[in-house]
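Notebook open, structure loaded. I'm jotting down what I looked up, one topic at a time.

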Amino acid sequence: MRIRVKICGITRLEDAMTAVHHGVDAIGFILWPQSERYISPEEAGQIVRYLPPFVQAVGVFVNPDKSWVEVASAAAGLDLLQFHGDESPDFCSQFHLPYIKAVRVRDGLDLLQYAQCYEGSKGLLLDAYAEGKPGGTGHIFDWKLIPSGLSLPWILSGGLHSDNVVDAIEQTRPLAIDVSSGVEIANGIKDADKISVFMQGVRSCENV
(Lines give C-alpha, C1' and ligand atoms only; values in the text may rest on other atoms or scores of the structure.)
Protein backbone atom coordinates (compact mmCIF):
# COMPACT_ATOMS: atom_id res chain seq x y z
CA MET A 1 0.00 0.00 0.00
CA ARG A 2 1.23 3.48 -0.83
CA ILE A 3 2.19 5.51 2.23
CA ARG A 4 1.16 9.15 2.18
CA VAL A 5 3.76 11.74 3.23
CA LYS A 6 3.51 15.30 4.48
CA ILE A 7 6.58 17.47 4.86
CA CYS A 8 5.77 20.14 7.40
CA GLY A 9 7.32 23.44 8.41
CA ILE A 10 7.90 24.59 4.84
CA THR A 11 9.04 28.21 4.58
CA ARG A 12 10.69 28.33 1.13
CA LEU A 13 9.40 27.69 -2.38
CA GLU A 14 12.48 25.69 -3.33
CA ASP A 15 11.91 23.29 -0.44
CA ALA A 16 8.29 22.81 -1.43
CA MET A 17 9.27 22.06 -5.01
CA THR A 18 11.92 19.58 -3.87
CA ALA A 19 9.31 17.82 -1.76
CA VAL A 20 6.90 17.72 -4.69
CA HIS A 21 9.64 16.36 -6.95
CA HIS A 22 10.13 13.46 -4.55
CA GLY A 23 6.45 12.63 -4.48
CA VAL A 24 5.02 14.01 -1.25
CA ASP A 25 1.28 14.23 -0.89
CA ALA A 26 1.05 17.33 1.29
CA ILE A 27 3.00 20.44 2.26
CA GLY A 28 2.56 21.81 5.78
CA PHE A 29 2.75 25.47 6.79
CA ILE A 30 3.08 26.51 10.43
CA LEU A 31 0.60 29.35 10.96
CA TRP A 32 1.32 29.69 14.67
CA PRO A 33 3.30 32.94 15.12
CA GLN A 34 5.26 31.66 18.13
CA SER A 35 6.88 28.90 16.10
CA GLU A 36 10.42 29.11 14.76
CA ARG A 37 8.98 27.71 11.54
CA TYR A 38 6.22 30.29 11.26
CA ILE A 39 5.30 31.53 7.82
CA SER A 40 2.76 34.27 7.14
CA PRO A 41 -0.44 33.26 5.33
CA GLU A 42 0.50 35.53 2.45
CA GLU A 43 3.94 33.94 2.08
CA ALA A 44 2.38 30.48 2.28
CA GLY A 45 -0.08 31.50 -0.42
CA GLN A 46 2.75 32.42 -2.75
CA ILE A 47 4.11 28.89 -2.39
CA VAL A 48 0.70 27.23 -2.69
CA ARG A 49 0.26 28.87 -6.10
CA TYR A 50 3.00 26.60 -7.43
CA LEU A 51 1.78 23.33 -5.98
CA PRO A 52 0.57 20.88 -8.63
CA PRO A 53 -2.84 19.19 -8.56
CA PHE A 54 -3.36 16.55 -5.85
CA VAL A 55 -0.71 17.98 -3.52
CA GLN A 56 -2.52 19.37 -0.49
CA ALA A 57 -1.67 22.58 1.33
CA VAL A 58 -2.06 22.05 5.08
CA GLY A 59 -2.15 24.85 7.64
CA VAL A 60 -1.03 24.07 11.19
CA PHE A 61 -2.70 26.04 13.99
CA VAL A 62 -2.22 26.02 17.76
CA ASN A 63 -5.15 27.25 19.89
CA PRO A 64 -6.09 29.93 17.34
CA ASP A 65 -8.93 32.42 17.31
CA LYS A 66 -11.70 31.58 14.90
CA SER A 67 -10.97 34.73 12.90
CA TRP A 68 -7.29 33.83 12.49
CA VAL A 69 -8.18 30.44 11.02
CA GLU A 70 -10.61 32.02 8.60
CA VAL A 71 -8.28 34.81 7.49
CA ALA A 72 -5.15 32.66 7.31
CA SER A 73 -6.75 29.76 5.48
CA ALA A 74 -8.21 32.08 2.85
CA ALA A 75 -4.98 34.02 2.33
CA ALA A 76 -2.86 30.86 2.12
CA GLY A 77 -5.29 28.90 -0.04
CA LEU A 78 -5.35 25.90 2.28
CA ASP A 79 -6.92 22.54 1.51
CA LEU A 80 -6.77 21.08 5.02
CA LEU A 81 -6.55 22.38 8.59
CA GLN A 82 -4.37 20.79 11.26
CA PHE A 83 -5.10 21.68 14.87
CA HIS A 84 -2.18 21.08 17.20
CA GLY A 85 -3.38 22.54 20.48
CA ASP A 86 -6.28 22.00 22.87
CA GLU A 87 -9.00 22.83 20.35
CA SER A 88 -12.36 21.20 21.01
CA PRO A 89 -14.18 19.07 18.42
CA ASP A 90 -16.79 21.82 18.04
CA PHE A 91 -14.12 24.43 17.38
CA CYS A 92 -12.33 22.30 14.80
CA SER A 93 -15.47 21.40 12.87
CA GLN A 94 -16.89 24.90 12.43
CA PHE A 95 -14.83 25.82 9.36
CA HIS A 96 -15.48 25.21 5.69
CA LEU A 97 -12.37 23.04 5.36
CA PRO A 98 -11.75 19.47 6.55
CA TYR A 99 -9.36 19.02 9.45
CA ILE A 100 -7.04 16.62 11.21
CA LYS A 101 -6.35 16.73 14.94
CA ALA A 102 -2.90 16.27 16.42
CA VAL A 103 -2.53 14.41 19.69
CA ARG A 104 0.61 14.19 21.81
CA VAL A 105 0.84 10.55 22.75
CA ARG A 106 1.82 9.59 26.30
CA ASP A 107 1.10 6.95 28.93
CA GLY A 108 -2.43 7.19 30.28
CA LEU A 109 -3.97 8.83 27.23
CA ASP A 110 -6.89 6.84 25.82
CA LEU A 111 -6.44 7.18 22.06
CA LEU A 112 -9.55 5.15 21.35
CA GLN A 113 -11.67 7.64 23.30
CA TYR A 114 -9.80 10.56 21.77
CA ALA A 115 -10.63 9.30 18.28
CA GLN A 116 -14.30 9.05 19.22
CA CYS A 117 -14.31 12.64 20.44
CA TYR A 118 -12.91 13.87 17.13
CA GLU A 119 -14.94 11.59 14.90
CA GLY A 120 -15.65 14.53 12.58
CA SER A 121 -11.98 14.83 11.66
CA LYS A 122 -10.25 13.28 8.68
CA GLY A 123 -7.80 11.63 11.03
CA LEU A 124 -5.44 11.90 13.98
CA LEU A 125 -1.81 12.94 13.79
CA LEU A 126 0.10 11.08 16.50
CA ASP A 127 2.99 13.13 17.82
CA ALA A 128 5.41 12.95 20.74
CA TYR A 129 4.53 14.56 24.06
CA ALA A 130 6.81 17.16 25.62
CA GLU A 131 5.82 19.40 28.50
CA GLY A 132 4.91 22.88 27.30
CA LYS A 133 5.47 22.16 23.60
CA PRO A 134 2.60 21.65 21.14
CA GLY A 135 4.81 19.74 18.69
CA GLY A 136 7.98 19.82 16.68
CA THR A 137 10.04 18.25 19.46
CA GLY A 138 12.18 16.12 17.19
CA HIS A 139 11.59 13.13 19.49
CA ILE A 140 9.78 9.87 18.89
CA PHE A 141 7.22 8.38 21.25
CA ASP A 142 6.67 4.77 22.24
CA TRP A 143 4.94 3.35 19.19
CA LYS A 144 3.59 0.49 21.31
CA LEU A 145 1.14 3.03 22.77
CA ILE A 146 -0.75 3.08 19.45
CA PRO A 147 -3.75 0.79 19.97
CA SER A 148 -5.24 -1.41 17.31
CA GLY A 149 -8.73 -0.61 16.18
CA LEU A 150 -8.57 3.18 16.10
CA SER A 151 -11.80 4.44 14.56
CA LEU A 152 -10.02 7.14 12.57
CA PRO A 153 -7.18 7.03 10.04
CA TRP A 154 -3.95 8.11 11.71
CA ILE A 155 -0.69 9.74 10.71
CA LEU A 156 2.62 8.93 12.39
CA SER A 157 4.72 11.90 13.43
CA GLY A 158 7.36 12.78 16.00
CA GLY A 159 11.11 12.52 15.52
CA LEU A 160 11.09 10.73 12.17
CA HIS A 161 14.18 10.88 9.95
CA SER A 162 15.94 8.74 7.35
CA ASP A 163 17.61 6.50 9.95
CA ASN A 164 14.40 5.44 11.69
CA VAL A 165 11.57 5.86 9.18
CA VAL A 166 11.83 2.30 7.82
CA ASP A 167 11.71 0.86 11.34
CA ALA A 168 8.81 3.16 12.21
CA ILE A 169 6.78 2.05 9.21
CA GLU A 170 7.55 -1.63 9.72
CA GLN A 171 6.50 -1.47 13.38
CA THR A 172 3.37 0.65 13.07
CA ARG A 173 2.14 0.36 9.47
CA PRO A 174 0.70 3.89 9.30
CA LEU A 175 -1.54 5.21 6.57
CA ALA A 176 0.65 8.32 6.39
CA ILE A 177 3.68 9.93 7.98
CA ASP A 178 4.63 13.50 8.79
CA VAL A 179 8.19 14.85 8.96
CA SER A 180 9.68 18.27 9.64
CA SER A 181 12.93 18.53 11.60
CA GLY A 182 14.10 15.17 10.27
CA VAL A 183 14.71 16.66 6.82
CA GLU A 184 16.07 20.04 7.96
CA ILE A 185 19.44 21.75 8.20
CA ALA A 186 17.91 24.56 10.29
CA ASN A 187 14.45 25.43 11.60
CA GLY A 188 12.23 25.80 8.55
CA ILE A 189 15.07 25.18 6.09
CA LYS A 190 14.87 21.79 4.42
CA ASP A 191 17.71 19.80 2.89
CA ALA A 192 17.22 18.28 -0.56
CA ASP A 193 19.47 15.29 0.14
CA LYS A 194 17.69 14.52 3.42
CA ILE A 195 14.31 14.69 1.69
CA SER A 196 15.55 12.35 -1.04
CA VAL A 197 16.93 9.74 1.37
CA PHE A 198 13.86 9.98 3.60
CA MET A 199 11.50 9.39 0.69
CA GLN A 200 13.60 6.48 -0.55
CA GLY A 201 13.17 4.88 2.86
CA VAL A 202 9.41 5.37 2.75
CA ARG A 203 9.04 3.94 -0.74
CA SER A 204 11.17 0.92 0.15
CA CYS A 205 8.50 -0.08 2.66
CA GLU A 206 5.61 -0.04 0.22
CA ASN A 207 4.16 -3.28 -1.11
CA VAL A 208 6.25 -5.26 1.36
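Is E119 buried or exposed? I looked it up in what is a predicted model, and E119 counts as exposed because its relative accessibility is 64%, with exposed starting over 50%. I then checked where E119 sits: it is in the loop that runs between α5 (111–117) and β6 (124–128).

Next, A128. I found A128 in strand β6. A128 has a relative accessible area of 2%, so I put it down as buried, the limit being under 20%. From A128 to Q56 I get 24 Å in space, C-alpha to C-alpha, and 72 residues in sequence.

Then the cysteines. How many disulfides does the structure hold? I found 0. A disulfide is a covalent bond joining the sulfur atoms of two cysteines. C117 has a relative accessible area of 45%, so I noted it as partly exposed. C205 went down as buried because its relative accessibility is 3%.

Helix pairs next, starting with α6 and α7. I have α6 as residues 165–172 and α7 as residues 192–204, with axes that come within 9 Å and cross at roughly 30 degrees. That angle is under 35 degrees, so I call α6 roughly parallel to α7. The crossing of α6 past α7 is right-handed. Which residues meet there? From α6 I listed V165, V166 and I169, and from α7 F198, G201, V202 and S204. Sorted by class, this contact has 5 nonpolar residues, 2 polar ones and no charged ones.

Last, α2 and α3. Helix α2 covers residues 41–48 and helix α3 covers residues 66–76; I get an angle of about 30 degrees, and the axes are 7 Å apart. On the α2 side I wrote down P41, E42, A44, G45 and V48, which meet W68, A72, A75 and A76 of α3. By class, I count 7 nonpolar, 1 polar and 1 charged in the contact of α2 with α3.

Notes. Residues numbered from 1 in each chain as written. Predicted model: local features only at pLDDT ≥ 70, side-chain atom pairs only at ≥ 80, totals over all residues. Heavy atoms only, no water. Helix = DSSP H or I, 4+ residues; strand = E, 2+ residues; numbered from the N terminus. Buried < 20%, exposed > 50% of the residue type's maximum accessible area, 1.4 Å probe, protein only. Axes fitted to C-alpha atoms, helices over the stretch in contact; angles between N-to-C directions. Parallel < 35°, antiparallel > 145°, perpendicular 65-115°, else oblique. Left-handed = near helix turned anticlockwise from the far one by under 90°. Contact = heavy atoms within 4.5 Å. Nonpolar A, V, L, I, M, F, W, Y, C, P; charged D, E, K, R; others polar. Disulfide = S-S within 2.5 Å.
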